Amino acid sequence: MDDEAEAGYLILLPLLYSSLASGKKEAKEFGLTSTKSYSHETDSVGVQPVAQSSLAWLNYTSPVSALSPPMDSRLVKISTVTSPGDHAGHLLQSIKFNPTIGTILSAEHMDITFNCSIDVPKSLVNQDFPLITLWKNGKEILDVGSHYYQFDDNELTTMKAAFSIPNAQHSDKGSYSCKLTIENEEIESDPILVLLEGLPHFIKQPQGLNVTRNEPFNLTCHAVGPPEPVEIRWHWNSNQIPKKTDISPSVLSMPGLNEAAVFHCEAHNKKGLATSSEARIYIKELPSPPMKVHVLSARAHTVLLSWVPGFDGYSPFSSCSVLVKEVDAPSNTSSMTFNTSVPPHEYLIQSLSAMNDYNISVSCMNEVGWSSLSPWITASTTEGAPSGPPLNVTISINESSSSVIVKWMKPPASQMNGKLQSYRISHIWQTSERSKNHSFSASKDTKVIHIPIVTTNVTCIVQVAAVTNGGVGPFSDPVAMFIPSNGLISVAPSTTLESRNTDSLTIVLGFICGVVIIGLILYISVIIRKKITEEIKFGYAFSRQETELAVNYRVKKSYGRRTVELTWEFGSVMEGSLSDPDGTTQKVAVKTMKYLKLFVFKKYSGAFKNIDDRTML
């Protein structure tokens with residue numbers, strides 16, 4: 001071999017298949033060997049009990065060999081091209097997988113091996129060249145044992161992939177193919193059909209059924225090889241049905257059964273027989289009665305019921321019926337019946353009377369018919385609000401007491417739904433412009449009430465409702481009466497209230513009273529203001545033209561004393577301030593007294609002898 005040929009390498013896994021050596025020189029273990037092969041072959045297949053190999057990818061590209069091997073007859077060599085792109089396109093169109101084994105026939109539980117190979121121009125191969133992948137029935141197989149080999153030549157790189165299926169099962173049968181993607185172009189090999197010989201394999205087994213008594217039905221059994229043919233034999237309650245042997249698939253037609261039975265089929269071929277699963281056939285019958293009927297909740301007019309369904313008789317439940325009867329009802333009284341679909345197995349019984357006891361039972365139906373009744377239980381409804389208002393509500397006016405008299409009658413016992421606790425009275429005083437609502441309660445024994453008249457020229461509207469521990473019942477229809485200011489009584493003929501104008505005299509009187517009150521307020525304010533002014537400012541105490549002295553004072557401290565020598569009162573002395581024209585002030589004592597007493601005081605008081613009368617007040 002020349003130097004360039006010796007530069008090629010063969011990288012080999014520990015496990016080699018004999019088909020990989022066909023037409024090529026033997027590779028030395030753990031060595032590097034140049035490989036030249038120009039023959040074209042059909043990839044071989046081996047069937048042998050070997051363990052699954054681990055994945056290995058060994059890729060080596062040798063330098064271009066000086067030798068020029070002959071081209072594969074399926075590769076078209078382009079001697080003249082217009083561009084590198086056109087050249088690559090022609091090469092891709094000419095690349096194909098080598099012919100495959102075609103069909104593999106093996107026994108079950110054996111190891112199956114097969115391979116695919118393809119020759120690729122070296123110009124298209126690089127370090128990141130993809131692997132050959134295995135596909136089955138249109139899906140890529142990832143969990144199969146595989147080995148990959150690459151052989152380089154002067155112009156071609158031969159790629160091989162060997163795949164192994166250990167302990168082949170029936171599920172491993174099918175059509176396989178190899179694929180390689182080159183420059184986004186997918187190349188696929190011819191299919192490899194794997195067939196496994198062994199015991200028949202069931203595609204469809206007989207299924208259990210619930211059938212109507214004496215009604216016909218069919219069972220189907222379908223098994224396949226290889227090897228073919230597959231013969232089907234039927235068994236009824238472990239006994240073979242005579243003269244019933246068919247080539248698969250087989251249909252067993254039964255005219256009907258009167259009791260439950262078990263069927264199965266046997267599939268026979270040259271390798272032996274296989275037995276299907278059992279198909280149990282049950283006869284539909286009446287269901288069992290419901291169990292554990294109990295009350296989930298109870299209110300004044302409703303009871304929520306729940307139960308556990310009994311045996312369905314091999315036919316699903318379609319509906320249930322709830323029977324309800326009053327405990328104290330006469331024996332000839334028919335029960336109330338309420339039908340409901342199931343599931344869920346519960347029902348809300350409505351339209352019951354408050355504070356009453358009821359007997360309840362349940363029955364359910366399937367395709368065949370109704371079950372018997374469940375054991376009867378007793379349920380009690382609770383107290384509720386009255387369902388009707390008090391009767392005969394009337395109103396009138398008592399002029400002597402200036403009140404509206406309201407009378408009524410107790411609601412019917414059938415509408416009380418409990419024990420009467422009290423009454424609720426609502427009264428509305430309404431004018432054309434506004435209305436005012438009031439309400440209060442009255443004891444259960446009350447039948448008449450007096451509502452004080454708070455104003456006139458209004459319409460009084462009254463309603464009454466009964467009250468139990470269950471709540472407040474509906475109010476009676478409104479009863480209305482107009483209350484005039486002249487003492488006349490006007491009763492509204494219906495619940496539609498007439499609007500009346502406010503008396504103009506009331507408006508005039510109100511206006512006059514308002515004016516009088518405002519005048520009094522103004523008068524009092526003037527008096528108070530005048531008094532305050534006199535207290536805080538005397539004014540110009542010295543009223544002569546030649547002076548502008550003024551004394552301002554407020555009652556702060558009183559120095560007045562009553563001495564033993566004085567027999568009369570000279571007034572009080574208060575602290576004040578004397579304002580000079582130049583703006584300065586000085587503190588002074590101010591004594592106030594009547595003018596006559598002033599001269600008496602001046603005459604007999606030595607302290608004021610030298611005071612000018614003009615400075616005295």
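**Before selecting anything**

The model is predicted. Colour it by pLDDT to begin: the average over the protein is 77, and 70% of the residues score at least 70.

**First stop: the disulfides**

Three disulfides are present in the structure. A disulfide is a covalent bond between the sulfur atoms of two cysteines. When the bonded cysteines are numbered in sequence order, the pairing reads 1-2, 3-4, 5-6.

Select Cys116 and Cys178. Their sulfur atoms are joined in a disulfide with an S to S distance of 1.9 Å. Distant parts of the chain are linked here: Cys116 belongs to strand 4 (residues 112–121) and Cys178 to strand 9 (residues 174–182), 62 residues apart. The link of Cys116 and Cys178 is right-handed, with 70° about the S-S bond. Cys116 has a relative accessibility of 1% and counts as buried; Cys178, with a relative accessible area of 0%, is buried.

Because the torsion about the S-S bond of Cys221 and Cys265 is about 65°, the disulfide is right-handed. Cys221 is buried at a relative accessible area of 0%, and Cys265 counts as buried at 0% relative accessibility.

The remaining pair to select is Cys320 and Cys364, whose sulfur atoms lie 2.0 Å apart in a disulfide. Strand 23 (residues 319–326) holds Cys320 and strand 26 (residues 357–365) holds Cys364, so the pair ties together parts that are 44 residues apart in sequence. The torsion about the S-S bond of Cys320 and Cys364 is about 100°, and the disulfide is therefore right-handed. Cys320 counts as buried at 0% relative accessibility, as does Cys364 at 1%.

**Second stop: Cys460 and Cys513**

Select Cys460 and Cys513 individually. Is Cys460 buried or exposed? Cys460 counts as buried, because its relative accessibility is 0%. Cys513, by contrast, is partly exposed, with a relative accessible area of 46%.

Now display the charged side chains. Side chains of opposite charge can pair when their charged atoms come close.

Lys179 and Glu186 meet through their side chains in a salt bridge, at 3.7 Å from N to O. Lys179 counts as buried at 12% relative accessibility, whereas Glu186 is partly exposed, with a relative accessible area of 49%.

Proceed to Arg280 and Glu278, where the side chains form a salt bridge at 3.3 Å, N to O. Arg280 is partly exposed, with a relative accessible area of 42%. Glu278 also counts as partly exposed, at 48% relative accessibility.

Then select Lys284 and Glu367, which form a salt bridge with an N to O distance of 2.6 Å. Distant parts of the chain, 83 residues apart, are linked by this pair: Lys284 is in the loop between strand 20 (279–283) and strand 21 (291–298), and Glu367 is in the loop between strand 26 and strand 27 (377–380). Lys284 is buried, with a relative accessible area of 17%, while Glu367 is exposed, with a relative accessible area of 52%.

Which residues make the nonpolar surface patch of about 1,100 Å²? Select Val508, Leu509, Phe511, Ile512, Val515, Val516, Leu520, Tyr523, Ile524, Ile527 and Ile528 to bring it into view. Centre the view on Ile527, which is placed in helix 3 (residues 504–536). Ile527 counts as partly exposed because its relative accessibility is 44%.

Return to the pLDDT colouring and select residues 538–547. Over residues 538–547, pLDDT stays under 50, and the model has 18 contacts beyond four places in sequence for them. Then select residues 556–567: pLDDT again stays under 50 there, with eight contacts beyond four places in sequence.

Terms used
Residues are numbered from 1 along each chain as its sequence is written. This is a predicted model: local features need pLDDT of at least 70, side-chain atom pairs count only at pLDDT 80 or more; totals for chains, interfaces and linings use all residues. Side-chain values use heavy atoms; hydrogens and water are left out. A disulfide is a pair of cysteine sulfur atoms within 2.5 Å. Helices (H or I, at least four residues) and strands (E, at least two) are DSSP runs, numbered from the N terminus. Buried means under 20% relative accessible area, exposed over 50%, partly exposed in between (1.4 Å probe, protein chains only). pLDDT is the predictor's confidence in each residue, from 0 to 100. Contact means heavy atoms within 4.5 Å. Patches are made of residues with over 30% relative accessible area and no salt bridge: like charges are joined within 9 Å, nonpolar side chains (Val, Leu, Ile, Met, Phe, Trp, Tyr) within 5 Å. Accessible areas come from the Shrake-Rupley method with a 1.4 Å probe; for residues, only the protein chains shown count as cover. A salt bridge is a side-chain nitrogen of Lys or Arg within 4 Å of a carboxyl oxygen of Asp or Glu.
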